[in-house]
Amino acid sequence: MEQRIQGRMTDNTNNTSPLVSVIMGVYNCETTVEDSINSILNQSFDNLEFIICDDASSDKTLETVLRCAQKDTRVRVLRNQMNSGLAPTLNKCIEYARGTYLARMDGDDISKKERIQKQVDFLETHQAYAFCGTSAELFDDTGVWGLRRCIERPKPKDFLSVSPFIHPSTMFRKEALLNVGLYKTKNVGRSEDYELFMRLYAKGFIGYNFQDFLLIYREDRNGFIKRKAKYLFTEAKIRFEGFKALHLFPRALPYVMRPIILALLPSRFRTFLHKSKYKIGEKPSKS
C-alpha cells in the first residue's frame, strides 16, 4: 500500500539537474527518523524525491514519517502490511523510484548538507563508476565516538576483510542496480549490502568512496558483539559465494571463516577487532 500525503508543492520545472530518488526503509525508529528525514530534505541539492517505506513498525515511526510528508511533497510514503526485512523493503522503494540515481539513507543516520550534491557531481563526471559512498563519523547516544575512513577506490581484494562501503552513504546509478537484479531478499541475513556490492563488482560495476565524512552513522560501539550467531554463519556463506564470483580463492578461504571464528571468540576480543578499523576518539578536521 502506498500512502501519498499532499503538502507543500516544490516547483522543479526548470531544474536541469538529474532527479535523485532517496530510498529509506524504516522500522521502529520513531525517536531518530525525523532528524534523518530532515537531513535529506535540507540538502543543498533539492531535485530529489524521498521514498520511505515503513516495514510494519509497531511504534510511532509511521506517524512521524507521515507528518514529515505533509510538510514536503517530495516525500512519498509506502508501508508494508507485515515486517519483511530491509532488502525487500528497499526493492519496493526502487519499484516506485523515478530518479536517474538512487541514494540510500537509514532512519537513524544524518547526512551532511552537501552529501547528495557531491555524489551527483561525481557520478555525472565519472562515468566509469556505477556507485559511490562516503566516509563517516560514528556516533551513538553519547555523541561522535570515532571515524570510519573508507578506501577511496576499492578493488575486489578489499572485500576480503569487511565491506569497503558504508551502505546508507551510497548512491547508485539506477541502471546498474536493475542490471544485477536489485537486492537479494533470501538467505542474506543482515548482509544484503555486502552481497550486493560484491555482485556489482562481479558484473564489472565498480564504486568509489569520498574521503569526506559526509554521513553521521549511528553505530553502537558495542553493537557488534550483540550480533546473533545465525547472521555470522549466513555472512560466511555470502563471503564464500561473493569471493568465488570475484575470483579471490584460494587466498579468500581464511576470510570466509572469519565471521564464524569471531562468533566463537570472547566478546571483549571481538570488540577489539571490530574497533581496530576505526579511529576512536578522533574528530574530523574542519575544512
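**Close-up views of a predicted model**

View 1. Where pLDDT is low, the predicted coordinates should not be read in detail. For the chain, the average pLDDT is 89, with 84% of the residues at 70 or above, that is, scoring at least 70.

A quick note on the numbers: this is a predicted model, so local features need pLDDT of at least 70 and side-chain atom pairs count only at pLDDT 80 or more, while totals for chains, interfaces and linings use all residues. Residues are numbered from 1 along each chain as its sequence is written, and side-chain values use heavy atoms, leaving out hydrogens and water.

View 2. Look for N47 in the loop between α1 (33-41) and β3 (48-54); helices (H or I, at least four residues) and strands (E, at least two) are DSSP runs, numbered from the N terminus. N47 has a relative accessible area of 8%, so it counts as buried (buried means under 20% relative accessible area, exposed over 50%, partly exposed in between, with a 1.4 Å probe and protein chains only). A polar atom of the N47 side chain sits 2.7 Å from the backbone oxygen of S17.

**View 3. T170 and its surroundings.** T170 belongs to the loop between β8 (143-148) and β9 (171-173). Its relative accessibility is 0%, so T170 is buried. A polar atom of its side chain lies 2.6 Å from the backbone oxygen of H167. Beyond four places in sequence, T170 touches a set of residues including R104, R115, Q119, F165 and F197.

**View 4. Rings around F197.** The structure has 16 aromatic pairs (rings of Phe, Tyr and Trp, its six-membered ring, pair if their centres lie within 6.5 Å; planes under 30 degrees apart count as stacked, over 60 as edge-to-face and the rest as tilted). F131 and F197 are stacked, because their ring centres are 5.6 Å apart and their planes at 10°. With F131 in strand β7 (residues 129-140) and F197 in helix α6 (residues 192-202), this pair ties together parts 66 residues apart in sequence. Both F131 and F197 are buried. F165 and F197 form a tilted pair, with centres 5.2 Å apart and planes at 50°. One aromatic cluster is made up of F131, F159, F165, F172, Y194, F197 and Y201.

Terms used: pLDDT = per-residue confidence, 0-100. Polar contact = N/O pair within 3.5 Å; in protein donor to acceptor, adjacent residues only side chain to side chain. Contact = heavy atoms within 4.5 Å.
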